[in-house]
Amino acid sequence: MLPFTFMLFFVVGFVTVLVDPLVAKFKAAFSLGYAEAMLTQFCYFLAYFLISLPASRVLDRLGYLRGAIVGFVTVGLGILLFVPAIEIAQYWVFLLALFIIATGVTMIQVVMNPLTSGLGSPETAPQRLTLAQAFNSVATFIGPLLAGAIIFDAVTEVVPAGEGSATTMLRVLETPCIVLAGMMFAVAALFWTLRGKEKVVRRETAHWHMPSLTENPRLAFGALCIFVYVGAEVAIGSLMINYLGLESTLGLTEEQATKYLAFYWGGAMVGRFIGSAAMSKIAPSRVLAFCAIMTTVLAAISGFTTGPLSAYSAIAIGLFNSIMFPTIFSLSVKDMDDQTPAASGLLCLSIVGGAVVPVLTGLFADATNLHISMIVPVVCYLVIVAFGLKCTNGSLENGYGRIR
């Protein structure tokens, strides 16, 4: 069963990372500002806020694998909506499609973390989740390379830069969308054959309710960290193509910058394999604190320098982002027992940071410039540094509000 959970992480990573190149493409096709372009991420991650808790309740009733099936079918339907969106060339229809896609991804996200955590010893859950996230990173490395060829390279062959309608510029996406939707339906069919075979004990609660944040301070702080971590990671990834296109960094074309975006996500892939091995020797909270300190330093260097140093510092952030989500998640749900599904929903709800922080970063960029806007991720990573240090010294625990 564990290999199939790795498939969940791969598919979610592949679908999610394709949104980043769309930010730059929609910005050009619809003549948007940075904040307006970031509405793609806003609508995508808003679904996590609106859908996560209902998804957790559905999961509590359906089970993990049936929940995944619902998620994959929903993702496929959302991807298919891109086809009419391209034909009518209305930005809001793309935003609606992204919301539907994210609704399905949210369902899968709520499933895959507790499922992976439950397939083995609780003590090795952070290591197991980090290894599973490595497969997510394989997808996020491949995704930008494929997107660069389809979204930018192929488009420029059809329409010279700056010419043609939005429909003409985006029509090349129709066939890939149909193929990708078909893949989602195929994966749903595969999981249908596996339904009822999960080995994880799932306690169905008679009175489903959100865990108390005052009684579970580690969960509360972890939810905040998921919010700022996803927000920072998405903001940097979404702006990377435009950032590397600046003359003050590398001055790359969109297609060239997309390949560098793959290195940003590829760093996360490498880091998760390294992190999984490191956490077999070092406490996960210590690894988390170290990585958060490194991302803070790199983001600050990138924002306050220019040229290759600025560009490569931003790209290197991906390496240290690598272990953050799975480690924050596993540390946050420690000792939650039968409230783990609800706690998972709460943490996935916090992924709405991917909607809020990128827009805030875009507003900073519109008001100043992309370099100065890096201050937003710096603040986000400082919050995670504090969480890692508190978990390390044992001053933050779940259960009955106890804080030692």
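Helices (H or I, at least four residues) and strands (E, at least two) are taken here as DSSP runs, numbered from the N terminus. The structure is a predicted model, in which local features need pLDDT of at least 70, side-chain atom pairs count only at pLDDT 80 or more, and totals for chains, interfaces and linings use all residues. Residues are numbered from 1 along each chain as its sequence is written, and side-chain values use heavy atoms, with hydrogens and water left out.

## Overall composition

The protein chain holds 18 helices and zero strands. A residue is called buried under 20% relative accessible area, exposed over 50%, and partly exposed in between (1.4 Å probe, protein chains only). On that scale, 59% of the 404 residues of the protein chain count as buried. Accessible areas come from the Shrake-Rupley method with a 1.4 Å probe, and for residues only the protein chains shown count as cover. The accessible surface of the protein chain comes to about 15,200 Å², and 68% of this area belongs to carbon and sulfur atoms. Contact denotes heavy atoms within 4.5 Å. Among contacts in the protein chain with a separation of 6 or more, 85% are accounted for by residues 24 or more positions apart.

## Loop residues with positive phi

Two residues other than glycine with positive phi values are described here. Ser31 has a phi near 55° and is found in the loop between α2 (19–29) and α3 (34–37). Ser31 is exposed, with a relative accessible area of 64%. For Ala89, phi is near 50°; this residue is found in the loop between α6 (82–88) and α7 (91–118). Ala89 is partly exposed, at a relative accessible area of 21%.

Ala89 is 81 residues from Leu170 in sequence, and the two are 8.5 Å apart in space, C-alpha to C-alpha. Leu170 belongs to helix α9 (residues 166–170) and counts as buried at 1% relative accessibility. Not counting residues up to four places away in sequence, Leu170 touches Lys25, Phe26, Ala29, Phe30, Ile86 and Phe94.

## Interior

A nonpolar core is a set of buried Ala, Val, Leu, Ile, Met, Phe, Trp, Tyr and Cys residues joined through side-chain atoms within 4.5 Å. The largest such core has 131 residues, of which Tyr44, Phe72 and Ile384 touch the most other members. Helix α11 (residues 217–244) gives the most to this core, with 16 residues. When residues up to four places away in sequence are not counted, Tyr44 touches Val15, Thr16, Val19, Leu98, Ile101, Ala102 and Val105.

Helix α16 (residues 340–349) is mostly covered, as nine of its ten residues are buried. Among the buried residues of α16 are Pro341, Gly345 and Cys348.

Val357 lies in helix α17 and is buried, with a relative accessible area of 5%. Leaving aside neighbours within four places in sequence, Val357 is in contact with Phe227, Gly231, Ala232, Val376 and Cys380. Val357 and Val376 are 19 residues apart in sequence, with a C-alpha to C-alpha distance of 7.6 Å.

The following table lists the accessibility of selected residues.

| Residue | Relative accessible area | Class |
|---|---|---|
| Cys225 | 0% | buried |
| Cys291 | 8% | buried |
| Val357 | 5% | buried |
| Phe304 | 65% | exposed |

## Cysteines

A disulfide is a pair of cysteine sulfur atoms within 2.5 Å. A search of the whole structure finds zero disulfides. Cys225 is in no disulfide, and the nearest cysteine sulfur, that of Cys391, is 7.9 Å away.

## Nonpolar surface patch

Patches are made of residues with over 30% relative accessible area and no salt bridge; like charges are joined within 9 Å and nonpolar side chains (Val, Leu, Ile, Met, Phe, Trp, Tyr) within 5 Å. A salt bridge is a side-chain nitrogen of Lys or Arg within 4 Å of a carboxyl oxygen of Asp or Glu. Phe304, Leu360, Leu363, Phe364, Ile372, Ile375 and Val379 make a nonpolar surface patch of about 630 Å². At least two residues of the patch are supplied by each of α17 (353–367) and α18 (375–392). With three residues, α17 gives the most to the nonpolar patch. Phe304 is found in the loop between α13 (284–303) and α14 (307–321).
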